[in-house]
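Biologist: Please take a close look at one part of this model, the packing of its helices, and walk me through it in one go.

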Amino acid sequence: MNAMRLIEANRRALARSQEPADIVVEVWQSQALAQAIGSHLAVAGPPELRGEALGLSEVGGRACGVLDAPRLGTEDIRAARLTETGDAHQVLLGLGRLLGEVGIALVGVAMGAEEEGVYWQCMEAIDAADESRDRVLEMLRRLAVREESLPGADSAAGPAGAAGPS
């Protein structure tokens with residue numbers, strides 16, 4: 001399945017989740033997806049992204065380890081359905097939005113946590129989501145640099161594009 005469809009499915013499921021346990025499951029699903037997308041981009045993505053993509057995969061895996069693993073069958077793990085990433089730029093934008101929403105959802109769970117262990121689990125997961133998002137933003141930056149260095153990038157934009165914001 002295409003990465004953008006999986007990202008949107010995760011975003012919808014996270015938005016529908018009301019109970020803290022359900023939110024944590026969707027956060028886990030989101031980090032598993034970040035791990036899978038990172039792995040895919042590390043192997044088959046643009047060469048400029050491979051190091052950061054590998055880092056994203058590692059952080060996503062670590063984030064899944066921080067959270068209590070949901071009791072899901074392989075068929076219920078959305079990330080297991082990833083077959084293609086498609087346009088890396090669009091996928092990274094979508095994944096960045098998802099990871100931002102994950103952080104916000106985790107803050108809500110942490111604020112309502114009655115157990116100290118749940119609170120600290122959320123704090124570690126928030127850190128992991130932030131680190132994952134930082135990796136995504138760095139990959140987006142590298143894609144932008146690559147686009148700027150392609151032959152004809154300035155001439156295709158015309159004179160107005162060459163004098164754009166710095």
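Modeller: This is a predicted model. Helix H4 (residues 88-112) and helix H5 (residues 116-149) have axes that come within 9 Å and cross at roughly 160°. Angles over 145 degrees count as roughly antiparallel, and H4 and H5 are therefore roughly antiparallel to each other. Their crossing is left-handed. The residues of this contact are 20 nonpolar, five polar and one charged.

H4 and H5 also bear on helix H3 (residues 50-66): together with H2, they are included in what covers the buried residues of H3. Those buried residues are Glu52, Ala53, Gly55, Leu56, Ser57, Val59, Gly60, Ala63 and Cys64. In an α-helix there are 3.6 residues a turn, so residues three or four places apart point the same way. As for length, the 17 residues of H3 should span 24 Å at 1.5 Å a residue, and the end C-alpha atoms are 24 Å apart, which agrees.

That leaves H2 (residues 20-44), the helix in which Glu26 lies. Buried means under 20% relative accessible area; Glu26 has 10% relative accessibility and therefore counts as buried. Leaving aside residues up to four places away in sequence, Glu26 touches Asn10, Ala13, Leu14, Ser17 and Arg78. Ala42 is 16 residues from Glu26 in sequence, and their C-alpha atoms are 24 Å apart in space.

Conventions. Residues numbered from 1 in each chain as written. Predicted model: local features only at pLDDT ≥ 70, side-chain atom pairs only at ≥ 80, totals over all residues. Heavy atoms only, no water. Axes fitted to C-alpha atoms, helices over the stretch in contact; angles between N-to-C directions. Helix = DSSP H or I, 4+ residues; strand = E, 2+ residues; numbered from the N terminus. Parallel < 35°, antiparallel > 145°, perpendicular 65-115°, else oblique. Left-handed = near helix turned anticlockwise from the far one by under 90°. Nonpolar A, V, L, I, M, F, W, Y, C, P; charged D, E, K, R; others polar. Buried < 20%, exposed > 50% of the residue type's maximum accessible area, 1.4 Å probe, protein only. Contact = heavy atoms within 4.5 Å. Expected span 1.5 Å × (residues − 1).
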